[in-house]
Amino acid sequence: MTFLRRTVIAAAAAAALSASFSALAQDIKPRLIRFGYGLNEASNQGRAAKVFADEVAKASGGKMKVRAIGAAALGPDTQMQQALIGGAQEMMVGSTATLVGITKEMALWDTPFLINNTKEADALLDGPIGDKIKDKLQEKGLVGLVYWENGFRNLTNSKRPVTKVEDLDGIKLRVMQNNVFLSSFKTLGANAIPMAFSELFGALETNTVDGQENPFNTILSSKFYEVQKYLTVTNHVYSPWIVLVSKKWWDQLSKTEQKVLMDAAKTSRDFERKDTREEASKAMADLKAKGMLVNELAPAEADRMRNKLTRVYAEIGTEVGMDVWIATQNELLKIRGK
Ligand code: TK8
């Protein structure tokens with residue numbers, strides 16, 4: 001290549017670059033983004049919210065500012081969802097389970113024992129089924145960007161070790177504000193009580209409820225070990241979190257701004273899943289060291305639970321639609337075959 005040609009190419013490349021920079025600068029306005037979440041700052045949720053905020057700042061040259069607000073300071077999940085729909089808040093991350101009142105198909109993710117491991121979770125959530133359910137939110141005024149991992153849920157209580165389904169009898173168990181969880185645990189014999197997460201620690205402390213179920217990470221970061229003695233490793237359901245944007249607000253953004261948020265959401269998702277899995281793999285030992293008595297539910301007992309839940313499975317099928325239900329089973333077969 002001649003010197004001249006090289007110079008011309010370099011100049012053209014520089015011009016293109018600066019053109020795209022100025023286009024970028026015009027396409028990004030100063031924005032303040034209130035990003036609410038339910039757990040505390042020192043949780044997997046809090047750490048990933050910070051990664052999201054940093055990524056948005058970096059990609060927008062500091063113009064788009066994410067103010068991450070944890071510990072349900074902007075309200076519990078259901079309240080934040082309404083604030084997003086109304087346009088009074090820009091973003092949040094929360095449980096898919098509390099979205100069923102808005103988009104009933106979200107109940108798919110509440111199916112007990114649907115997902116066996118994180119490989120299946122990632123493939124299902126990031127694949128066509130996950131997208132289809134996420135996109136249903138749009139008609140309700142919400143834009144779902146990505147799924148984060150809440151994790152496989154386990155059971156804690158202050159009464160007794162749970163080694164078989166009969167041990168749940170009469171245990172006052174907090175569940176999320178969601179019909180599948182409510183009817184699953186009622187069917188299993190517990191006295192299931194729906195309650196916002198933000199009220200849970202207090203309710204456990206005052207024995208308003210005897211127990212709850214959440215992934216290892218949350219039992220640790222929310223210090224449930226201070227008020228719960230028994231931990232049963234049940235892995236009874238894989239819970240996703242979902243990063244949400246107010247559609248009212250999203251529609252006012254430029255394509256460039258939307259891309260900044262989407263890219264940052266993906267980076268935060270990859271960080272969050274890795275971080276959550278690392279923490280979860282060590283958490284059982286940590287919880288034992290904090291004084292919890294841990295037992296693992298025997299596979300035969302998990303089977304007995306699953307058998308008792310036949311009616312609940314049928315209810316979920318009706319709720320999400322048989323087409324989605326069957327497509328999910330087929331997708332899982334495909335994922336498992338890989
Ligand atoms: C945090 C909740 C939590 C969920 C629950 O806001 O409510 O038990 O597992 O992660 O979304």
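Residues are numbered from 1 along each chain as its sequence is written, and side-chain values use heavy atoms, with hydrogens and water left out. Because the model is predicted, local features need pLDDT of at least 70 and side-chain atom pairs count only at pLDDT 80 or more, whereas totals for chains, interfaces and linings use all residues.

**The ligand**

The ligand is surrounded by Gly38, Leu39, Asp77, Ser95, Asn150, Arg153, Arg174, Met176, Phe197, Asn214 and Trp241. This shell holds 4 nonpolar, 4 polar and 3 charged residues; Ala, Val, Leu, Ile, Met, Phe, Trp, Tyr, Cys and Pro count as nonpolar, Asp, Glu, Lys and Arg as charged, and the others, Gly among them, as polar.

Next, display the side chains of Asp77, Arg153 and Arg174. A polar side-chain atom of Asp77 lies 3.2 Å from an oxygen atom of the ligand. For Arg153, a polar side-chain atom is 3.0 Å from a ligand oxygen atom, and for Arg174 a side-chain N or O atom is 2.8 Å from an oxygen atom of the ligand. Taken alone, the ligand exposes 300 Å², of which the protein buries 98% (Shrake-Rupley method, 1.4 Å probe).

**The cavities**

Now hide the ligand and consider the protein atoms alone. On a 1 Å grid, a cavity is a set of points where a 1.4 Å probe fits but cannot get out, and lining residues have an atom within 4 Å of a point. There are 2 cavities of 30 Å³ or more, a volume being the space filled by probe spheres set on the points, which are joined across faces, edges and corners.

The largest cavity is the space taken by the ligand (more than half of its atoms within 2 Å of the grid points). Its volume is about 250 Å³. Of its 22 lining residues, Asp77, Ser95, Arg174, Phe197 and Trp241 lie nearest the centre.

Move on to the second largest cavity, of about 120 Å³. Select Pro112, Ser184, Phe185, Leu188 and His236, the closest to its centre of 14 lining residues. Helix α6 (residues 179-187) gives the largest share of this lining, 3 residues; helices are DSSP runs of H or I, at least four residues, and strands runs of E, at least two, numbered from the N terminus. The lining has 10 nonpolar, 3 polar and 1 charged residues.

**The largest pocket**

Finally, select Glu149, Phe152, Phe216, Ala280 and Ser281, which lie nearest the centre of the largest pocket among its 13 lining residues. A pocket is an open set of points with protein on both sides within 12 Å along at least five of seven lines. Elements giving two or more residues to this lining are β4 (142-152), α8 (216-221) and α10 (255-289). The pocket volume is about 190 Å³.

Definitions and conventions. A residue is near a molecule or strand if one of its heavy atoms lies within 4 Å of it. A polar contact is a pair of N or O atoms within 3.5 Å; within protein, one must be able to donate a hydrogen and the other to accept it, and residues adjacent in sequence count only if both atoms are side-chain atoms.
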